[in-house]
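Dear colleague,

Please find the structure below, together with its sequence.

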Amino acid sequence: MPVLQADCANCFGLCCVALPFARSTDFAVDKPAGTPCGNLQQDFRCGIHTRLRDKGFQGCTVFDCFGAGQQVSQVTFEGRDWRAHPGTSRRMFEVFPVMRRLHELLFYLAEALTLPAARPIHAELRRALAETEELTRADAETLAGIDIDARRAAVNTLLLKTSDLVRATAPGRKKNHRGADLMGARLSGANLRGATLRGAYLIAADLSRADLRTADLIGADLRDADLSGADLTGSIFLTQAQLNAARGDAATRIPPTLTRPSHWS
């Protein structure tokens, strides 16, 4: 299976070129899609990588391509970079977002297969993973024509089943905050064990000391959320990017597969 962690040394800076960003608290400048970021060096490395937050590029520190960058650079385009081979640039930048979404689905499917509670649907999950992985090996023309929304919808059905099976193991009544607007919500010490927080807006929410064990956090917006002392062990579909976007401390408990962000207190 493709590596699902970014390997910037084997990528042609695709996230720094293919994707647009707008001047905001996350980015210091505007940049249209297909235009290299001014901080991108000739060797495809970031010139301010260790100072991104200080320079106003916090958004870069929370982005995760799930390994799509090196897959497109080294597999789809067989190591031909867009500078030395400018004829590849348009298609390369077009398929990078597609590959990223495929790799994100692989990430969730791979996690689902590690969950004992989801064993009743492991066969279906394995089939979906194999089908998605096969798509990541397709050529650029095929990738550009993929109906990624349809693929995501099919996989999401299995992820929902996984969520139901895992959350059913948590005791008590489970809260349903799917897609809820909880921006700035005061949830300190809240019992959110086994809750669904899929797609919830938790920007700047106070989740300090909250119990988030076995909670479904897929797509939850945790930008600037306070996770100090919160317990996220056993939470499902939590990504490194979500943790990087939040605030936490030494008392925050996170899944063993993720890394405590360096900017946490």
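A residue is called buried when its relative accessible area is under 20%, exposed when over 50%, and partly exposed in between, using a 1.4 Å probe and protein chains only. This is a predicted model, in which local features need pLDDT of at least 70 and side-chain atom pairs count only at pLDDT 80 or more, whereas totals for chains, interfaces and linings use all residues. Residues are numbered from 1 along each chain as its sequence is written, and side-chain values use heavy atoms, with hydrogens and water left out.

Aromatic rings

The structure holds 8 aromatic pairs; rings of Phe, Tyr and Trp (its six-membered ring) pair if their centres lie within 6.5 Å, with planes under 30 degrees apart counted as stacked, over 60 as edge-to-face and the rest as tilted. Phe21 and Phe27 are stacked, because their ring centres lie 4.4 Å apart and their planes meet at 10 degrees. Phe21 is buried at 12% relative accessibility, and Phe27 is buried at 17%. Phe107 and Tyr108 form an edge-to-face pair, 5.7 Å centre to centre with 75 degrees between the planes, and both are buried. Ring pairs also link Phe12, Phe44, Trp82 and Phe93 into a cluster.

Helix packing

Helices (H or I, at least four residues) are DSSP runs, numbered from the N terminus. The axes of H3 (residues 89–112) and H4 (residues 122–136) come within 9 Å and cross at roughly 155 degrees; axes are lines fitted to C-alpha atoms over the stretch in contact, and angles run from 0 to 180 degrees between N-to-C directions. H3 is therefore roughly antiparallel to H4, a term for angles over 145 degrees.

Kind regards

Terms used. Helix = DSSP H or I, 4+ residues; strand = E, 2+ residues; numbered from the N terminus. Parallel < 35°, antiparallel > 145°, perpendicular 65-115°, else oblique.
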